Amino acid sequence: MNVPENWLRDFVEIKISTEKLAHLLTMSGLEVESCAPIAPLFSGVVVGEILAVERHPNADKLTVCTVDTGRQKLKVVCGAPNVRAGMKAPLATVGTVLGKLEIRKSNLRGVDSEGMLCSARELGLSEDHSGLLELDAKPGQDVYKALKLDERVLTFKLTPNRADCLSVLGIAREVSALTGEKLKAPRIKSIPAKNKSVHPVKITDAEGCGRFAGRVIRGVNAAAPTPAWMRERLERAGQRSISALVDVTNYVMLEMGRPLHVYDQDKLRGAIDVRWGRKGEEVLLLNGQTVGVDAAVLCITDDSGPIGLAGIMGGESTKAETTTRNLFLESAFFFPDAIAGRARRYNFSSDASHRFERGVDFENNVPGIERATQLILEICGGEPGPSVDLVKRLPKRKPVRMRVARARKILGIPVEMKEVESVFRRLGFSYKKAKDNVTVNPPSFRFDLEIEEDLIEEVARVHGFDSIPAHPPRAAAKMHARPEARRSLHEVRERVAACDYQETINFAFVEPAWEADLAGEANPVRLLNPIASQASVMRTTLFGSLVANLRYNHARKLPRIRVFEVGRVYLRDAAAADGPLSVAGLRQPIRVAGAAFGPALDEQWGSAARAVDFFDVKADLEAICAPRRLRFEAAAHPALHPGRSARVLVDGSPAGWLGELHPRWQQKYELPQPATLFEMEAETLVDAPLPLPTQPSRFPPVVRDIALLVDAGVPAQAFLDAVQAEKPPIVRGVGMFDLYQGQSLPAGKKSLAFRVVMQDTERTLTDAEADSARDALVELWGRRFGATLRA
Amino acid sequence: MQDLENIVTRAAAEFAAASDPASLENAKAKFLGKSGELTALLKQLGSLAPEEKKSFGQSINTAKQQIEVALDSRRKDLEQKKLESRLSGEALDVTLPGRGRSRGGLHPISRTWQRIEEIFGSIGFDVADGPEIETDWYNFTALNNPENHPARSMQDTFYVDMKDSGGLPLLLRTHTSPMQVRYARMHVQQFRDKAAKCPPIKVIAPGRTYRVDSDATHSPMFHQVEGLWIDEDISFADLKGIYVDFLRRFFESDDLQVRFRPSYFPFTEPSAEIDLQFASGPLKGRWLELSGAGQVHPQVVRNFGLDPERHIGFAFGSGLERLTMLRYGIDDLRLFFDGDLRFLRQFS
């Protein structure tokens with residue numbers, strides 16, 4: 001909201017500088033965003049009276065004017081279309097600086113010019129450059145002063161609880177409370193009726209409309225121009241001047257916070273009734289929009305049906321126009337609950353709805369009518385009927401008690417009763433004091449004083465947050481440590497980063513195509529109001545975002561890209577119930593995913609260049625998850641190459657995926673080389689069981705290497721699993737260390753080499769024992785997989 | 001005698017002249033070998049009178065020892081030379097780059113996130129995180145922000161195509177504040193049946209949040225950290241103490257001003273906006289909005305399952321992007337979510 005300083009001064013004296021005032025208001029909860037003057041400062045521009053206008057001898061579009069500056073008469077060349085003898089306009093005299101332009105004595109096509117006659121735009125007042133700015137002031141007067149351009153406008157960013165400050169008067173009340181200056185409340189005169197005209201009004205739904213004051217004024221000249229002073233104030237407050245009647249209602253709204261509506265009485269059909277809408281009813285609004293209403297929308301109706309949305313906007317059919325002769329003024333109280341959210345439902349907001357949904361003073365209905373009547377009579381003439389005030393139900397203002405001790409406890413400062421009283425007195429509250437508490441009767445313009453804390457807040461903000469000391473609390477010194485067997489996600493991040501992946505953070509909403517392609521997900525959770533269609537579904541995998549990261553960086557010529565992300569995915573799950581950390585119908589687990597693309601290592605001397613592959617990333621994943629042992633089994637995933645993709649298992653349960661991006665997606669997402677991806681459930685990565693160490697044997701180990709020839713289709717894991725199941729007791733460990741596939745082997749065969757470590761805790765093993773254990777393994781593998789020793 | 005001295009001198013000279021072990025061995029043979037000069041003199045010993053024999057014998061022995069010392073020393077010299085020459089042949093260009101894999105890094109937001117957890121963890125705050133697709137109740141109603149309330153328009157909300165058990169559409173949480181309610185209710189539940197009194201609630205909840213807002217200074221997804229401390233006597237002055245201390249630790253500077261300005265949030269009362277001002281640096285003298293905070297509203301305390309007459313405390317919510325930008329001097333929010341490694345690697 002914009003409040004011109006001089007308007008504010010109508011209601012309260014201001015003895016401090018505007019900057020100080022702005023600071024004071026900001027620090028009491030009414031944030032002043034700016035307090036800039038109306039126009040940039042200039043001097044040397046005076047009111048000039050144009051005495052004579054002659055044609056320029058050498059230019060058709062120019063004139064030569066004789067201008068009286070009060071002190072002297074100057075010749076000025078002018079190009080404005082509206083220049084005429086007798087008008088007064090701003091004259092920038094020689095030496096004046098306007099923005100970047102310095103006015104000099106000049107010769108324009110052979111005629112000397114001693115200054116410049118100005119438009120509003122040239123003075124920085126508005127964008128109007130259609131002609132000279134017409135002035136109504138004494139020649140010679142300084143224009144900056146004559147137009148009161150030094151006036152500052154305070155722009156407020158108000159919080160929704162302070163509807164009472166949505167008016168100049170409201171701000172003045174606050175200024176008065178903060179500075180101690182007396183509030184000069186407007187003296188509203190009752191204007192006696194000149195005739196008996198009334199318009200019948202009824203309120204069918206009093207839970208929506210509690211009060212409806214109205215007045216008929218007959219015989220107005222609605223075409224009369226809005227006086228300059230009113231136009232100026234409205235414009236400075238950010239309200240465009242429209243017509244006298246509309247301007248008056250806006251003026252009263254800005255001044256007193258009292259929204260009004262003017263009807264053309266001759267267009268009303270029968271009595272006005274305020275009631276809830278009915279399904280099927282429609283109304284054409286003043287903004288040209290036709291809206292359907294229902295039982296949740298409060299309407300102003302007459303015999304023709306709805307003629308306006310109560311507290312939001314009037315209708316086209318009954319609007320006052322410049323031809324209106326007889327009008328009916330509405331000054332109603334609508335309950336905030338009956339208005340809130342309705343305008344939003346229709347996708348607009350109005351000054352009235354903004355106020356009514358926050359709460360409008362329900363005691364200023366009649367004063368508002370009187371003030372508007374006075375202004376209308378002054379500007380448009382006419383004969384008022386009696387003002388009629390229909391009261392059905394008003395908000396209850398329950399007294400609120402504040403215990404001084406409670407204020408002390410909540411604020412943490414030793415507030416005294418004396419200070420509390422002083423704050424309430426300055427705020428103009430009526431209150432009753434008891435021994436250790438105060439009971440306030442909240443005023444009708446405040447809708448935010450319902451509980452004790454509301455009053456404590458008033459005390460705190462008027463007292464000043466600045467004067468509350470900052471002292472950290474005393475608390476029991478209780479030790480605090482994360483369970484050792486659980487890593488934090490930060491430690492997980494550090495582990496992934498240690499494997500040379502750079503963390504990215506990507507939007508949780510992604511392109512539907514990513515989900516379809518990389519998760520095979522045709523029905524991800526959809527946003528009803530996405531910012532863009534490329535960000536319209538909630539991801540069920542982090543793969544899409546990571547592939548996008550690869551693509552983005554590849555496009556920027558990075559040869560080697562390794563990224564990871566830690567974030568939630570959003571999975572529909574009909575079985576999921578509401579819980580302390582869950583929402584029914586959904587699972588939202590955190591995942592840790594990575595992608596590697598380009599060379600396995602940064603190009604470097606002494607290492608042959610090699611593209612990153614499945615097994616590089618597998619090793620990364622094993623390092624990240626250690627000490628948990630991972631198992632990998634071939635399985636298909638929509639994002640991954642069907643022959644190069646593995647489900648990752650932890651303790652036998654699926655915990656993630658590892659694989660090469662499917663060549664189809666590699667092509668579609670414009671990556672020139674394969675990328676390898678992994679995605680793991682974060683829950684399995686934070687789990688890091690405590691070590692269970694055993695004593696190392698004191699006896700030396702015996703090592704035997706076994707090279708086998710097997711069918712190419714048997715996975716290496718099968719050999720290790722078979723050993724786990726039936727290994728001789730002295731075998732400590734078996735590991736695969738070499739793979740050979742080549743021309744020298746029979747077709748369809750491969751060679752695997754295993755190293756077997758044997759050891760006993762009680763004695764040194766003999767060669768014979770070791771050989772016999774080795775033979776047992778060879779026999780086992782031969783029996784299970786048809787493996788033979790490789791010659 | 002003269003001869004002996006002469007022999008020792010010549011031996012030393014010949015040893016010194018030997019430039020490798022083989023010529024040294026040859027030189028040795030000339031003096032100490034079977035037909036060496038010293039050996040020849042020893043052979044003459046038998047023909048001398050006993051008196052002479054003894055003194056001459058001693059002289060020869062001395063000379064032999066001297067020659068052996070010279071030989072040994074020369075042997076060591078040659079070994080040393082050989083080693084030196086090998087080592088100098090093995091010398092590396094130590095300025096060549098190191099090999100192998102380098103290291104990735106964390107996102108700047110994660111750095112801030114982690115640091116905030118450390119700072120608050122140092123005085124015993126727990127860390128919580130929860131769902132991002134939230135119910136209307138946790139995101140709004142439980143926080144004293146009923147349907148249609150104008151305060152809801154302060155935060156433009158993303159809705160999804162699913163409804164909660166009460167039929168209201170699910171939404172993307174607009175702030176981390178729902179975690180206040182979730183955590184506090186879990187906490188209260190945990191201690192409900194225990195005889196001991198409910199211990200204080202001290203928690204921060206960092207995480208992703210969402211609002212329908214996308215321009216140079218707003219991202220539709222961003223991060224907040226929520227803080228909550230509830231006990232029997234946690235006041236607004238305590239909030240000021242904790243938050244000011246936090247900022248000083250976070251920015252590692254006492255050279256900053258913090259101001260608390262009255263504001264409005266449905267879930268706190270009194271409510272404050274927290275503004276920060278640096279006394280030096282490029283942002284010197286400007287008030288920067290950082291956080292919303294306040295004493296938890298009694299209705300919200302009731303929604304925790306506690307009695308506001310007995311339990312009071314504060315809550316705050318701060319933007320991690322803002323803190324990160326101020327900390328590292330980043331002036332474009334969009335850099336955080338572009339995934340541009342040229343930017344992100346600087347935080348490795």
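Trainee: In which loop of chain A does A:Pro627 lie?
Mentor: This is a predicted model, where local features need pLDDT of at least 70, side-chain atom pairs count only at pLDDT 80 or more, and totals for chains, interfaces and linings use all residues. Residues are numbered from 1 along each chain as its sequence is written, and chains are lettered from A and ligands numbered from 1 in the order written. Helices (H or I, at least four residues) and strands (E, at least two) are DSSP runs numbered from the N terminus. A:Pro627 sits in the loop between helix H17 (614-625) and strand E35 (630-634).

Trainee: What is omega for the bond that joins A:Ala626 and A:Pro627?
Mentor: Most peptide bonds are trans. The bond joining A:Ala626 and A:Pro627 is cis, with omega about 10°.

Trainee: Is A:Asn347 buried or exposed?
Mentor: A:Asn347 is in the loop between helix H8 (342-345) and helix H9 (351-356) of chain A, and its phi is positive, near 65°. Buried requires 20 or more other C-beta atoms within 10 Å, exposed 12 or fewer, and partly exposed is in between, with C-beta atoms placed from the backbone. A:Asn347 has 8 C-beta neighbours inside 10 Å, so the residue counts as exposed.

Trainee: Which helix gives the most to the side of chain A that touches chain B?
Mentor: Residues are in contact if their C-beta atoms, placed from the backbone, lie within 7 Å. The contact takes 80 residues from chain A and 80 residues from chain B. H11 (404-411) and H14 (489-498) are among the elements of chain A that each supply at least two residues. With six residues, the most is given by H13(A).

Technical notes
Contact = placed C-beta atoms within 7 Å.
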